[in-house]
Amino acid sequence: MIYMKTRLLFLFLLLTVTASAQEADSLLKSLSADSLPPTVDAVFKSTRVVLSHSSETQKKHDLDMRIRHHFGDIGGRFGSAHTFYGLDLASDLFIGFDYGISDDLTVAIGRSKTDELFNFSGKYKLLKQKNNGAMPANLTLFAQMGWIAREPFNASEFVDYTDRFSYFLQAIISRKFSQRLSLEVMPGFLLRKNVSDANEPENLFTLGFAGRMKLTKRLSFVADYTLVNGLSRPKDLATTYYNPLGVGLEIETGGHIFSLNFMNAEYIIENNFIPNTRKSWNDGGVRFGFTISRNFTLFKSKNKDSDKQSKIY
Amino acid sequence: MISTKKIISLVLIVLFVMLYLCGSAQTYVSKNIRASIYSSTPLEDIKAASDKASAVLITSTREVAVQVPVKSLEFDRKLMQEHFNENYMESDKYPFAKFKGIIAEQLDFSKDGEYDVTVNGVLSVHGVDQKRSIPGKISIKNGTVQISTAFKVACANHKIKIPTVVFTKIAEQISVKAEGKLNLLKQ
């Protein structure tokens with residue numbers, strides 16, 4: 001018994017001495033084992049992909065000013081050289097502001113040319129992807145109200161004032177698969193009153209898909225597609241509607257993001273482009289569009305730590 | 001009734017204890033070294049700091065190593081922090097910045113004192129290793145070791161590209177500081 005104890009003590013001491021002579025590298029490795037945050041950042045560079053929202057929200061106290069243009073048809077009856085391939089026309093214009101109340105909650109306001117639509121939205125990052133296996137994906141919830149401010153086209157329109165309002169709800173599920181590739185799926189639901197086609201239901205289910213492929217550190221290929229036809233929408237409508245598809249390049253330079261896109265959707269805001277995309281990629285209905293986004297930090301940080309206080313002169 | 005084996009064990013134990021007490025192979029460690037970076041240009045001063053750097057000092061070999069988890073560096077502005085990790089440091093690919101070297105001077109770690117030292121070794125940032133000779137200060141007091149250093153890192157030496165649009169806002173040379181207290185590693 002005593003002999004066993006001595007042997008254990010001997011082993012222990014042997015370990016002590018060898019451990020002190022351990023390589024600095026393996027010690028460093030064990031010391032910094034849990035020093036890296038498990039969160040996966042920058043799933044997308046911007047809060048939008050092409051037409052659709054990405055799972056990203058604004059950083060706390062950051063204000064994003066966003067200007068977006070959709071031009072006219074490149075080809076077909078309204079396009080070609082007579083309209084300079086659509087650049088003479090603007091099918092929709094948008095200016096909006098997104099503000100981060102916290103890193104996870106963003107509120108936004110915007111105005112579109114089409115229908116003089118004002119939109120008010122809230123976006124909340126509920127679940128965040130972790131690289132330690134605890135959470136495989138991000139989940140962001142998005143809700144947007146649209147308010148049509150234009151005069152009625154005829155007496156039967158907007159009889160009830162609430163007919164001017166529409167609501168869009170969406171769950172954005174995304175995953176950063178690698179440094180280059182991020183994908184997302186977005187089930188959504190649109191509620192509205194202002195329906196132009198007699199057979200069309202007021203409410204529509206949507207299912208969106210979007211992705212980003214980084215080409216360089218600051219340049220990405222982005223694309224999104226929203227299923228509207230083929231879900232709850234009936235097939236026998238007087239007007240032919242198409243599913244919106246957008247592709248583009250996104251360039252990030254510090255606080256600016258420039259997005260150059262091609263898409264068949266005439267309109268910019270979900271409450272407009274989900275129910276009313278009447279153009280197709282097949283017959284020249286595709287158009288050019290761009291976004292300029294600029295981030296401003298609104299409040300000076302109250303950070304007391306002088307090692308972290310940045311300053312712009 | 002004492003066996004030879006027991007005697008041998010006892011002798012060995014005494015030897016090891018002596019070896020241990022001599023302090024010939026003492027190791028000091030820390031998990032919360034403060035590391036900070038500072039970029040200064042006429043247009044913008046950018047600062048970031050972390051308290052999660054690790055350090056190891058092995059007295060027998062005079063080896064020193066400091067490692068900073070790049071993502072633990074906190075900026076005033078979160079968007080800037082995101083760009084720092086995504087566009088410049090590629091922190092997912094190269095999660096740590098590290099310096100490992102040998103102290104040039106002979107120090108007596110058993111006595112209290114303050115020493116200006118030079119550490120010759122390798123600085124690895126953004127996956128690029130650079131041979132560096134870095135000045136620092138080591139003070140020994142009551143069995144703890146305080147280290148501090150300040151040096152500059154040229155972005156170009158570590159293949160960190162600064163695009164022309166932000167060239168006026170980010171310095172070509174980044175000032176780096178690190179300091180903290182290391183404690184004797186308890187087994």
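**Exercises: rings and their surroundings**

At 12% relative accessibility, B:Phe84 counts as buried (under 20% relative accessible area is buried, over 50% exposed, in between partly exposed, with a 1.4 Å probe and protein chains only). The model is predicted: local features need pLDDT of at least 70, side-chain atom pairs count only at pLDDT 80 or more, and totals for chains, interfaces and linings use all residues. Residues are numbered from 1 along each chain as its sequence is written, chains are lettered from A in the order in which they are written, and side-chain values use heavy atoms, without hydrogens and water.

**Exercise 1.** Classify the ring pair of A:Tyr161 and A:Phe165.

*Step 1.* Rings of Phe, Tyr and Trp (its six-membered ring) pair if their centres lie within 6.5 Å; planes under 30 degrees apart are stacked, over 60 edge-to-face, the rest tilted. This rule gives nine aromatic pairs over all chains.

*Step 2.* The centres of A:Tyr161 and A:Phe165 are 6.1 Å apart and the planes stand at 65°, so the pair is edge-to-face.

*Step 3.* A:Tyr161 itself is partly exposed, with 45% relative accessibility.

**Exercise 2.** Now classify the pair of B:Phe75 and B:Phe84.

*Step 1.* Here the distance is 4.8 Å centre to centre, with 50° between the planes, and the pair is tilted.

*Step 2.* B:Phe75, at 7% relative accessibility, is buried, and B:Phe84 is buried too, at 12%.

**Exercise 3.** Which residues do ring pairs link into a cluster?

*Solution.* Look in chain A: the cluster holds A:Phe71, A:Phe262, A:Phe288 and A:Phe290.
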